[in-house]
Amino acid sequence: MKYLKNIRVALAILFFLPIFLYLIDFTGKLPVQMHALLKIQWIPALLSLNMIIIAVLVVISLLLGRIYCSTICPLGIFQDIAARKSRFFSKKKKKFRYKYQKPQNILRYSILALTVLIFVIGSSFLVVQLDPYSIFGRIVSQLLRPLVLFANNGIAAIFSSMGNYSVFKVEQLTFVPVAFGITLFFFVLISVMSWFQGRLYCNTICPVGTSLGLLSKLSVFRISISESSCNQCGACEKSCKSQCIDSKEMTVDQSRCVSCYNCLTVCKRSSMNYQFGYKKQKIEASQDPSDGSRRTFLLTSGAVISTLAFANAKTLTGKKTDATLTRTPIMPPAAGSIEHFNTKCTGCQLCVDKCPMQVLKPAALQYGISGIMQPHLNFSTHIFCSYDCNICSSVCPTGALKEMAIEEKKLVQIGIAKFRKDKCIVAVEETDCGACSEHCPTQAVHMIPYKNGLTIPEVTENICIGCGGCESICPARPYPAIYVEGTKTQTIAKKPAEAVKFEKKIDDFGF
Amino acid sequence: MKRRDFFKSAAVVGIASIFKPGTLAASTAASNSVSVHATTDMVAVMGGEPEIMLNRAIKELGGIGKYVKKGQKVVIKPNIGWDKKPAMAANTNPELVGALIKLCKSAGASEVLVFDHTCQDWQKCYVNSGIKAAVEKAGGKMIPGNDESYYREVEVPQGVHMKKAKIHKAILDCDVWFNVPVLKHHGGAKNSISMKNLMGIVWDRQFFHSNDLHQCIADAATMHKKPALNIVDAYRIMKSNGPQGKTEADVVTLKSLIISPDFVAADTAAMKMFSQVQPTDIADVRYIAMAEKLRVGTQHLEKLNVKKIKL
């Protein structure tokens, strides 16, 4: 049985390391396909209604317990790392220091219920804030990545001063105070909780942990203590990071056990079993103090899955308050409608990290309270949505951005350019400019004759896709003469007309 | 008296050696007192593949050894502004860039660096233009131009609006550099040729647009460190919807190449060639006349020694 722990650790590393590296990779060298590792995360799978993955995760949980929490979930592994690190700082450097704690049932079930309820009412606020994978994504993206970039830029500066350009500078442009503050709060909260109490966060706050805990109460294989051989030494209890083993009573709280198998390794008398445990289940269930509420919450979580499976997200969130939005925020291409996007996006920051132009930024209040962390486009000098790029839609694990071929994406109208002649350099200074038209990939913004041989921009709205090339480069500052107004429902722009082909043969120099 | 004559001629030779042949011809074109013996001021080639045309033109100009000495650091500045494939003619032809690197290497260049301050995602521009692959195959090195830290401020004393500019360090620190633009239509500057290509060695592009684009382009051409040659790629040209182009319908294949050390002459010749496809009044490309006024070069091609070669 002792090999189980090693398998668990190996699996955890196998999932965690690629996810971590993929999130932190700023060079674009890691293959895009690695986002498959994020699609198998619980909330993204639920939101994208990926039935195969949902089924596999449910079956695994019913069979083996909360394997998800101890191997697949990056935030879970992060807590294990934090808990392990804490050992180096404690005076006795003791490996086993946990003690059985009673479950925080009221708290954990309330948070789960609230998350589900608020989602059903039509706001993803708690889903965004509490999805463990997305929290991990934000910790990497907003706290760790800037440090990595800082180090990279330091190295790049040293190298380039020696004439070596193999390492290049990458600017970090995605700092948003509100988003940063919330992420920092969660980082500190989770770190402190795991530092002192192992998986306390998973078992009290995390709605995914709580819901999988409900499932794993029914799991086929489970940890149990064989009463005949146990001498109540308490080693298992001290090694249990979920603090769910009560060695005196010789019970294991299935709903909190994350199947880490640490207890199997430490028991010297082989009294810890991991075995088919369906017989015992009934007795345990009746002993469970949370029995009354358990039924309600089983129902609630059943409701989540069924609503998600059958209800149309659009009908759920018909009434976003317009008042909270000033300039209509610009959603990433392939977001569809603002209702769809706000419901499905968990703000994991993967698209923000992968955007080569860094035009995507986590929203503060642009989408309202529930949209904090969800990405929107923010144009600034040289920062706009690249025409030949669809990386955000190809990496999105939750289906908030639908996967879209590049040719299709080139026609998605995410906004429309608006020209303000009274601010334009050509009209004000009477000199040539044309920077906006220069950057327009569809020539929706094109130059027409003005006066004295000058040309001035004009916008053909039905072929404009709202990429922001024009706004980003407009030299009229701080109020650009051309800007993009977002749309609430992305539509398909008309294909720009081709130029007339030049067929004549030229064989003279012309001079 | 003989001694005085000697000093006089020594002074003339000394002054002459400061100037590049093209500018010398330009500045002395009016008062033709010093004869420039049989220097070719411009070579135009038509009808071949980029590498063949380049090799032929450089041979006419006196061979690459005239420009690149053994052990020198060389920089090539093509137009790599846009994330477009070679067939779109939005960027310089990669074969031409590769061929030039080979020539520089054959002359013993210690390193050949290639960069542009791109308008779109620089890494994608480098890759999709085909230039990165061509450069690496030919033994050159692509370097980034995407960050302000790669640039250093220099004075542009002759500039009218642009008195200072942050120029890429690679250009400032090299021994010799080549300006390798592509000939194309341009919505803002009317046309983009050799002088417009200089915007890619400067950090602050917006300054150009907000301070009279044409004048700033002309100002940039007065910079102290001039390219050894302007090699205008007209193998494929973009006749409309520049500088990005919409589809390949904007592209015309002329299979041509124009080379001159003189910015103004190169752009003038290129405009005349361009006008055969898309009639354009050269006076509307205002930076050409402005640069001539700043004595960057001459529009009077008839006063230059121009070699036209059809392959």
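Analyst: A polar contact is a pair of N or O atoms within 3.5 Å, and within protein one must be able to donate a hydrogen and the other to accept it. The model shown here is predicted. Across the interface of chain B and chain A, 19 residue pairs are in polar contact, with both residues at pLDDT 80 or more.

User: Which elements of chain B give two or more residues to the side that touches chain A?

Analyst: The helices among them are α5 (122-128), α8 (205-210), α9 (213-220) and α10 (263-275) of chain B. The strands are β1 (42-46), β11 (251-260) and β12 (306-310) of chain B. By class, that side of chain B has 22 nonpolar, 19 polar and 17 charged residues.

User: How many salt bridges are found across the interface of chain B and chain A?

Analyst: For a salt bridge, one looks for a side-chain nitrogen of Lys or Arg within 4 Å of a carboxyl oxygen of Asp or Glu. The interface of chain B and chain A has 3 salt bridges by this rule. The side chains of Asp432(A) and Lys190(B) form a salt bridge, at 3.2 Å from N to O.

User: How many residues does each chain bring to the contact, and what area do the two chains bury between them?

Analyst: Chain B contributes 58 residues and chain A contributes 53 residues. Between them the chains bury about 4,500 Å², of which 55% lies on carbon and sulfur atoms. In chain B, the residues that lose the most area to chain A are Gln206(B), His209(B) and Lys246(B), which together account for 14% of what that side buries.

User: What does the fold of chain A look like in terms of helices and strands?

Analyst: Chain A contains 24 helices and 10 strands. Of its 511 residues, 57% are buried. Among the contacts in chain A with a separation of 6 or more, 73% are between residues 24 or more positions apart.

User: How many disulfides are there over all chains?

Analyst: A disulfide is a covalent bond between the sulfur atoms of two cysteines. The count over all chains is 0.

Key
Residues are numbered from 1 along each chain as its sequence is written. Chains are lettered from A and ligands numbered from 1 in the order in which they are written. This is a predicted model: local features need pLDDT of at least 70, side-chain atom pairs count only at pLDDT 80 or more; totals for chains, interfaces and linings use all residues. Side-chain values use heavy atoms; hydrogens and water are left out. A disulfide is a pair of cysteine sulfur atoms within 2.5 Å. Contact means heavy atoms within 4.5 Å. Buried area is the accessible area (1.4 Å probe) that two parts lose on being put together, summed over both. A polar contact is a pair of N or O atoms within 3.5 Å; within protein, one must be able to donate a hydrogen and the other to accept it, and residues adjacent in sequence count only if both atoms are side-chain atoms. Helices (H or I, at least four residues) and strands (E, at least two) are DSSP runs, numbered from the N terminus. Ala, Val, Leu, Ile, Met, Phe, Trp, Tyr, Cys and Pro count as nonpolar, Asp, Glu, Lys and Arg as charged, and the others, Gly among them, as polar. Buried means under 20% relative accessible area, exposed over 50%, partly exposed in between (1.4 Å probe, protein chains only).
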